[in-house]
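This report is an introduction for a reader who has not seen the structure before. Please look over the sequence and the model before reading on.

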Amino acid sequence: MKRARHEGAAALVKLLLTTNPGIEDIAAHEAEAKISARLLEARDGFGRLYVEVDEDMLEFVEEMRSIHRAVIVLAESNVCPARSCLEKVYEIVKGSGVDFYVTPWTSFAVRAERAGTHEYTSLDIARVAGDAVIDAVKSRYGVRPPVDLDYPAVVVAVEVIEDNIMVGIDIGGELSWHRRGYRIYDHPAALKPTLAYAMLLLSGAADGDTVMDPMCGGGTIAIEAAYIFEDSRIICMDKSRRHIEGAVLNARAAMVEKRIEFIVGDATKLRRYVSSVDVLVSNPPYGIRARQPEGG
Ligand SMILES: C[S@@+](CC[C@H](N)C(=O)[O-])C[C@H]1O[C@@H](n2cnc3c(N)ncnc32)[C@H](O)[C@@H]1O
C-alpha cells in the first residue's frame, strides 16, 4: 500500500536502512511504497541505504519486511583514526541532538560499530559516546539518564566507518528486524525473513496465486508470503515432521497460522500432495549450514 506523502506537513527525517547486501533495490522500493521514502543514496553491495521520510511516516517503518535496522540519522561528520580523535566523537555525539530522544526518564544504551583502521575500538567509541549522551542530557535537564545495557528504551547507534561517523537513534530498538520475534522454533538452517521477502517479490508471484514452499523448514517463506499476499493459498511442506511442527509454532507466533496449509511430505513427489501450484519459492538444503562439510 502506498501512503500519501504530505508535503510540508511534517519535518523530514533522514533514515539509514540496513538490509542484506544484494537486495538494496528491493528495500528502496519497499521504503518508497510503505513509508513514501525518497531515496538519497544506496550503497549497492553494502546493504545500506539512506532515505528521507516525513516524520509522521516513522510509525510505519516497522511494517517493512526487507530491512534489518532503521536508524534516524542525527549527525554525520568526519573523524580521524588517531586515539585523540575520540574527543571529536564525544563532541559530535553531544551536539547531535540526542538529548531530544534520551531524557532523564528514558534508559538508553549505545551500540557502536566500527570498520576500518583506527587507534580505538568500538568499545572505546561506545564508552565515549555514552559519556557524551549523559552530558548532553545533564546539560539539558540537569539530571543524568539511566543506562540500561540489557533493555534500553532508546538505542543510540554510533558508526565509525573509515573516516565517517554517523550518530543516530535505532528505531528498531534491540531486535534486529530480520528476527522479528516469530522465531519460536529455530530451524538449524533458517533463512532471514528479509531474504524470504525478497525471494517472494522476485518470484513474480501475485496476490491470489497458490504459493508453495515444498522444503519450508521453519516456515519463513510461507510466513512472509502470508504477510504479503492476502488472498493467496499458501502451502508449507517439509519432509521432517519436527520442522513442520516448528513451522506451525512460528506461524502461530506470527499470527498467520490459519493462512498457511502445512504438509509433512517429500518434495520429490509433489503430485502426491498438491494438484497444482502457481509459484514454488524455496530455500533448498545445500548441506552447508545444516551439516558440517566432511573434514570441516
Ligand atoms: C534450508 S532448509 C529450509 C529452511 C527454511 N527456509 C527456514 O527458513 O526455516 C531446507 C529444508 O528442506 C527440507 N527437505 C530436504 N529434502 C526434502 C524433501 N525431499 N522434501 C521435503 N523437504 C525436504 C529439510 O528438512 C529442511 O528443513
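The sections below cover the basis of the model, its domains, the contact between them and the ligand site.

## Basis of the model

This is a predicted model, in which local features need pLDDT of at least 70 and side-chain atom pairs count only at pLDDT 80 or more, while totals for chains, interfaces and linings use all residues. Residues are numbered from 1 along each chain as its sequence is written, and side-chain values use heavy atoms, with hydrogens and water left out.

## Two domains

The chain is assigned domain 1 (12-177) and domain 2 (180-280); such bounds come from an automatic or database domain assignment. Taken over C-alpha atoms, the centres of domain 1 and domain 2 are 33 Å apart. Domain 1 gives 13 residues to the contact and domain 2 gives 13 residues, where contact means heavy atoms within 4.5 Å.

## Between the domains

The size of an interface is often given as the accessible area lost when the parts come together. Domain 1 and domain 2 bury about 1,100 Å² between them, with 57% of it on carbon and sulfur atoms. This buried area is the accessible area (1.4 Å probe) that two parts lose on being put together, summed over both.

One salt bridge is counted between domain 1 and domain 2. R65 and E224 form a salt bridge, with their closest N and O atoms 2.8 Å apart; the term requires a side-chain nitrogen of Lys or Arg within 4 Å of a carboxyl oxygen of Asp or Glu.

## The ligand site

The ligand is surrounded by 19 residues, the closest being H187, G218, T220, D238 and A267; a residue counts as near if one of its heavy atoms lies within 4 Å.

An oxygen atom of the ligand is 2.5 Å from an N or O atom in the side chain of T220. A ligand nitrogen atom lies 2.9 Å from an N or O atom in the side chain of D266. Alone, the ligand exposes 600 Å², and the protein buries 90% of that, by the Shrake-Rupley method with a 1.4 Å probe.

Technical notes
A polar contact is a pair of N or O atoms within 3.5 Å; within protein, one must be able to donate a hydrogen and the other to accept it, and residues adjacent in sequence count only if both atoms are side-chain atoms.
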